[in-house]
Structure formats: structure tokens, C-alpha cells
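Q: Could we go through the salt bridges in this structure together? I would like to take them one at a time.
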Amino acid sequence: MLLALKNIGEQNNLFLAAVLLYLIAAVLALALMKHHKMANIVTNTICMAAALTGIAASILRLSAETMLAPVTIFQSRIPLLFLEIKIDHLSAFFVLCLSILVLCVSIYSIGYNAHYYQKRNVGFFNFLYASFIMSMLLVIISGNAIFFYLAWEAMALVSYFLVIFESEYEENRRAGRLYLIMTHLGTAFLLIGFMMMFAYTHSFDMFGSSELIPATAKNLIFICFLIGFGTKAGVIPLHIWLPYAHPAAPSNVSALMSGFMIKTAIYGLIRFVFCYLQVQQVWWGAVILGIGVVSAVLGVAYTLMEHNIKRLLAFCSVENIGIILIGLGVSFIAAAQHNDFLSGLALVAALLHTFNHALFKGGLFLGAGSLQYATHTKDIEKLGGLIHKMPVTAVLVLCFSLAISAIVPFNGFISEWLIYQSLFLNINIGTAGLNILSILSIAALALSGALAAAAFVKLFGISFLGLPRSDAAAQAQEVPMAMNIGMGVLAGFCLIIGIFPAACVKLADQVAFSILGSTVAATLESGFMAATMPLAVSGNSIAPGEVLIALAVVILVLLLMLRLFFGKVQTRKYGTWDCGFENINARMQYSATGFSKPIRIVLSILYRPGRKVVIEKGDSDYFPKSVKYQIWTESIFEKYLYNPVIQVLKRGSEKMIYLVQTGSVHVYLLYIFISILALMFYNRVV
């Protein structure tokens with residue numbers, strides 16, 4: 001036992017070392033503020049070292065027994081105000097997810113940040129960058145609700161400054177304001193939940209027991225946590241900030257925000273609802289499952305309409321958060337029904353998709369940054385033909401697009417396949433309502449998968465194939481090597497996990513075992529090669545490695561047969577039929593708008609599309625001088641939910657100004673007197 005505690009203490013020291021390295025990186029970024037290149041290289045190198053330390057610490061923690069050895073960082077004389085860290089398997093899993101992403105993003109940033117040299121304060125940017133990573137790490141390893149709240153607020157504040165880093169643009173400032181308002185709205189509900197925790201238990205210990213909290217209060221706390229964490233995760237209809245903030249931030253920051261920051265909300269739901277409150281009501285899981293379904297379908301539906309590549313990826317993050325919540329909802333339902341196997345399976349699926357999404361979504365935002373770096377635009381309608389100019393970037397973005405579309409043999413397929421299996425296993429005799437919800441969820445997941453594939457066919461096809469649609473695309477060049485190395489490592493992880501999923505599944509299963517006390521890894525294993533174990537559940541199985549080998553064999557056999565029967569292939573180049581035009585140009589090829597039009601027509605009730613055609617007449621009605629075609633869609637949540645609420649609040653605020661700020665000293669003294677009476681009454685009652 002003493003040896004185990006010693007090992008855990010050493011692991012905690014590794015986590016603290018990672019925090020210290022991020023702090024050193026932030027301080028050095030400020031110290032080297034006048035030396036842009038040196039500040040960038042030093043800061044990101046130290047962040048890479050911190051990430052490697054976090055990876056090592058997480059793997060060691062996940063391979064150890066579930067024992068907690070809290071470490072107090074700061075102890076004040078104020079009661080309950082102390083900062084301590086506690087790291088269990090759940091914390092270690094999320095730290096591993098964060099550290100791998102930070103390692104790759106920091107490599108990428110060495111090349112990406114070069115375009116800020118002598119233009120912006122690179123030292124201050126790197127200070128914010130390292131501080132942002134440190135705040136996310138502290139959120140995950142915090143040991144009590146007070147420390148969690150402080151780290152959560154620090155994460156929100158630092159990320160706000162990163163969102164408005166390019167503050168000369170009004171849309172970025174607006175995105176920052178919206179993000180700050182929404183994140184503090186969510187934080188308010190978290191504070192209510194924490195206060196209710198303390199009111200019944202007289203403790204802010206996140207790892208303690210909630211037995212003293214009555215069922216009704218638990219329901220209210222669950223609702224507060226769902227709204228608070230749901231706002232940060234960007235679930236519909238609380239997603240309003242996400243498609244504005246992620247495109248506004250620099251692309252390496254967007255990769256961290258979408259790849260991990262929104263996952264801190266998933267961590268919070270598991271930590272505070274699953275582990276602390278102990279799921280006791282089936283409707284908790286049903287609500288989360290329903291929110292997940294709505295977010296998945298509507299998120300990907302809006303994804304398909306976007307032409308701004310970063311807004312497209314932001315809406316896709318809403319979809320993937322929905323997919324994670326589908327798995328989490330099934331896990332909560334099964335836990336309430338005391339079905340530990342199904343709860344563990346769904347939790348493993350949700351955790352695995354959380355990990356996978358960090359890899360391929362982080363890679364996609366880095367890919368978007370590479371496109372913007374080379375072409376100075378985020379509009380895919382102005383791209384095209386980049387596979388010839390940026391072949392390495394094209395291959396990497398294709399890998400991420402296949403992964404997020406859940407195509408074998410990439411990692412996205414594995415986690416979505418497990419979520420499908422958990423939904424099928426959730427269909428039981430005698431639970432008609434849950435059965436209908438599960439069946440609808442299966443259909444919604446299939447629909448979101450199909451729309452996601454279409455969205456990324458559009459993204460890759462319009463951006464990289466065809467002819468350049470602008471001079472910037474025609475003159476684009478491959479990005480610096482560091483940027484491609486960072487993306488390449490992420491793409492390698494996506495492929496390796498897709499082919500050899502067993503190791504990653506076991507890591508997620510360690511977390512599920514620490515929470516539920518039962519393992520599902522044995523059921524998910526079969527075959528004779530430990531590294532390539534196919535996943536099998538309830539008679540359904542998939543072996544990604546075998547699928548890849550079979551595909552390679554089929555292609556090889558076809559090539560050999562063609563060579564055997566037809567000999568050496570002779571190619572003849574000749575122009576294709578061009579409908580009578582002499583030369584095909586970029587205006588004749590498919591556009592992103594045209595690609596998505598069929599879906600826009602089918603789902604017009606959702607998109608509320610409009611169009612405007614302006615024809616400038618020429619010498620003849622048959623030959624106009626120019627035709628301008630403009631099309632748009634409406635955000636129903638902004639127009640019918642947020643805008644009316646904003647107008648009501650605005651009118652109410654204007655009236656309150658005249659009622660409250662009268663300019664009379666006597667009235668202000670009356671306010672003070674009423675406030676004192678209210679405080680006295682509160683103290684007497686409480």
C-alpha cells in the first residue's frame with residue numbers, strides 16, 4: 001500500500017510538473033515579448049515538453065489502481081478556500097486527450113505563428129496560449145468545486161482574449177462579447193449547482209458522497225449542471241456562441257477550443273452527474289440522449305450550409321458533441337436501470353469519441369489554418385485546385401475528413417460503431433418509450449453520418465479539386481514543414497487507432513471500470529493477435545485491420561489482373577467534351593452553394609432560405625452585362641429565440657435605468673436601507 005501511494009505521489013508530481021512547465025512557458029513568453037521568433041519557438045517547445053510530461057503521467061495513472069492521493073497547492077485562512085488536485089482515471093484520460101492535442105498544436109504553432117511576426121504581439125499571444133492550456137489542465141485535475149470554478153473562470157477569460165486577438169475586426173469583437181455572455185450564463189448555473197451541493201453536504205468535495213442530498217434537490221442540481229456544462233459544450237439551443245467564437249480565434253487556438261475546451265463540459269457532466277450525484281433517474285439519461293440527437297442532426301445540417309470553412313467546422317463540433325451525448329445518455333439510462341455492462345459500453349463509446357474528436361477536429365482546424373495561411377481566405381468558394389499546390393496538406397485534410405465521416409479504417413468509425421451497438425442494446429422488452437427513443441436515435445445518428453460525409457465531400461472537393469477560383473488559390477504554396485508535421489502526427493493517430501483500436505478501448509474501459517466497477521473490454525475482444533483485436537458486441541463484430549488488409553488485397557489483385565490481361569497500359573491525353581466552349585474555366589465547375597442546394601431545398605423549413613437575383617442589362621435582353629445571384633439562410637434559433645429575448649431585456653433595461661437611476665440622493669439612501677434589511681432578514685432566516 002505504501003509503495004502504491006508513493007507511486008501515485010510520483011504521478012501527481014508529474015502532473016504538477018506539467019502545470020509548472022506551462023506556467024514557465026507563459027512567463028517566458030512575456031519576458032521574450034520583444035523577440036517574436038524566439039518567444040514563439042521557446043514557448044511552444046516548453047509546451048511540447050509539458051505535453052509529453054502530461055502524456056507520460058496520464059498513461060502511468062491509467063495503468064495504476066484507482067487510488068486518490070490529494071495534493072494541496074494552496075491553503076488559506078479563509079474556511080473552505082484551498083486549492084488541491086485529485087487525479088483518478090477519469091482525470092487522467094482527459095489529461096491524455098489534452099496533452100496529445102497540445103503536443104501536435106504546439107508543433108504546428110511554430111510555423112503558423114510566423115505570419116504574426118512584426119505584425120502582432122507574438123509574445124503576448126503565446127502567453128495567452130500557454131495560460132489557456134494550463135487553465136484547461138487545472139480544470140481537469142482540480143480536487144474541489146472551488147478550485148474547479150476558479151480554473152473554469154480562468155479558462156473562459158483567457159480564451160476570450162484569444163478569441164478577440166485580432167480585435168481590429170468588428171465580427172471578432174462581437175464574437176468575443178457573445179462568447180463571454182454565454183459562458184458566464186452557463187457559469188451562473190454551475191455556481192447555483194455548487195451552492196446547492198454545499199447547502200446539503202457542507203463540502204465542496206467533488207469526489208465525496210452526495211447521499212445527504214435529497215432526490216428533488218438532485219434533480220434541480222442536475223438541471224443546473226446540464227445547462228451550465230451544456231452551454232460550454234455548445235449543445236443546441238445553447239450553441240449560439242460557438243459558430244462565432246471558433247472562426248474568430250486564430251486557427252491553432254480554434255483547434256484547442258473545439259478539440260478540447262468544449263470537452264471540459266463532457267468531463268464536468270461525467271464528474272458531477274455520473275460520479276458525484278450518482279445517476280438515479282432514467283429521465284436524466286433520456287434528456288441527455290434527446291439533446292444529443294437534436295444537436296447531432298441540426299449541427300450537421302447547418303454544417304452542410306456553411307461556406308466559411310471554420311464556421312463549417314464549428315457547427316460540425318456541435319454535431320459531434322451531440323454524438324458524444326448520445327453515448328453518454330445511453331450510459332446514464334443504463335446506470336439508472338443498474339445495467340452495468342450497457343452503461344460501461346456506452347460510456348466507453350462516449351469517451352472514445354471524445355478522444356477521437358479531439359484528434360480529427362483538432363487536425364481539421366489546423367488544416368483550415370493552413371488553407372487560410374496559404375490563401376488568406378476562409379471562404380471555400382474562393383479555393384479550388386489546391387491539391388496541386390498543397391499536396392501534403394491535401395492528403396492530411398483528406399485523412400481527417402475520412403475520420404470525421406466515420407470511414408474505415410479511421411478512428412471515427414470505431415467510436416460511432418460502439419455508440420450504435422449501445423443504442424441497439426438499449427432496446428428492451430417492456431420499455432416502449434425508451435425503445436422508441438433508441439430507435440429514433442439510431443436513425444438520427446445514421447442521418448447525421450450521411451450529412452457529415454456530404455459536408456466533407458463538399459469541403460475537400462471544393463477546396464482541393466477542380467480549378468482555382470481566385471488568384472490567391474492559384475498562387476498558393478505549401479505551408480511550412482512544422483505545420484504539416486503537427487497535422488501529420490494527428491493524422492497518424494487517427495489511422496493507428498482506427499486499425500488497432502484495442503489499446504485505446506482498454507484505456508477508456510479503465511475509466512469505466514473505475515466508475516462502475518465492471519469491465520467491458522473482455523466482451524470487446526476476440527481473435528488471436530492482441531494488437532489487432534476486432535471489436536465484437538452481441539454477435540456484431542468489426543475488424544478494421546482485417547478490412548484494410550482485404551481492401552489492399554483486392555486492389556492488388558485487380559491491378560495484377562489488368563496488367564496480366566491488358567499488358568502495359570498506354571495512356572492518351574485528349575480534351576473532354578466541353579459543351580461547345582473553347583476553354584473550361586473555374587466559373588463552369590461545381591460551387592459549394594450548388595453542391596448543398598438539394599439539401600437546402602429538402603430542409604427549407606429549417607434553413608428558411610432566401611435569394612436575390614440582380615441582372616444588369618446589356619445590349620440585348622438575351623445577353624445581360626452581369627448577373628448577381630445571392631442566397632442566404634436564417635438561423636431559426638437566433639431569429640425566434642435569442643433576438644426576442646435580447647429585445648425584451650434591452651427594453652426592460654432601458655426602463656429600469658429611468659426607474660432606478662433617478663439622480664436623487666434620497667432614493668439611493670432608500671436602496672441602501674432596503675438592502676441592509678434584506679441582508680438582516682436573510683441572516684435571521686438562514
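Q: Which residue forms a salt bridge with Arg271?
A: In this predicted model, the side chain of Arg271 meets that of Asp88, with a distance of 2.7 Å from N to O.

Q: Where in the chain do Arg271 and Asp88 lie?
A: Arg271 belongs to helix H10, residues 263–277, and Asp88 sits in the loop between strand E2 (82–85) and helix H3 (89–112). The pair links distant parts of the chain, as the two residues are 183 residues apart.

Q: Are they buried or exposed?
A: Both Arg271 and Asp88 are buried.

Q: How many salt bridges does the structure hold?
A: It holds seven salt bridges.

Q: What about Glu170, which residue does its side chain meet?
A: The side chain of Glu170 forms a salt bridge with Arg173, at 2.6 Å from N to O. Both residues are in helix H6, which covers residues 170–201, and they are three residues apart, about one turn of the helix.

Q: Why does Glu170 count as partly exposed?
A: Glu170 counts as partly exposed because its relative accessibility is 39%, and that value falls between the limits of 20% and 50%. Arg173 is also partly exposed, with a relative accessible area of 32%.

Q: Changing topic, what is the partner of Lys639?
A: Lys639 meets Glu634 in a salt bridge, with 3.1 Å between N and O. Lys639 is partly exposed at 37% relative accessibility, and Glu634 is partly exposed with a relative accessible area of 24%.

Methods. Residues numbered from 1 in each chain as written. Predicted model: local features only at pLDDT ≥ 70, side-chain atom pairs only at ≥ 80, totals over all residues. Heavy atoms only, no water. Salt bridge = Lys/Arg side-chain N within 4 Å of Asp/Glu carboxyl O. Helix = DSSP H or I, 4+ residues; strand = E, 2+ residues; numbered from the N terminus. Buried < 20%, exposed > 50% of the residue type's maximum accessible area, 1.4 Å probe, protein only.
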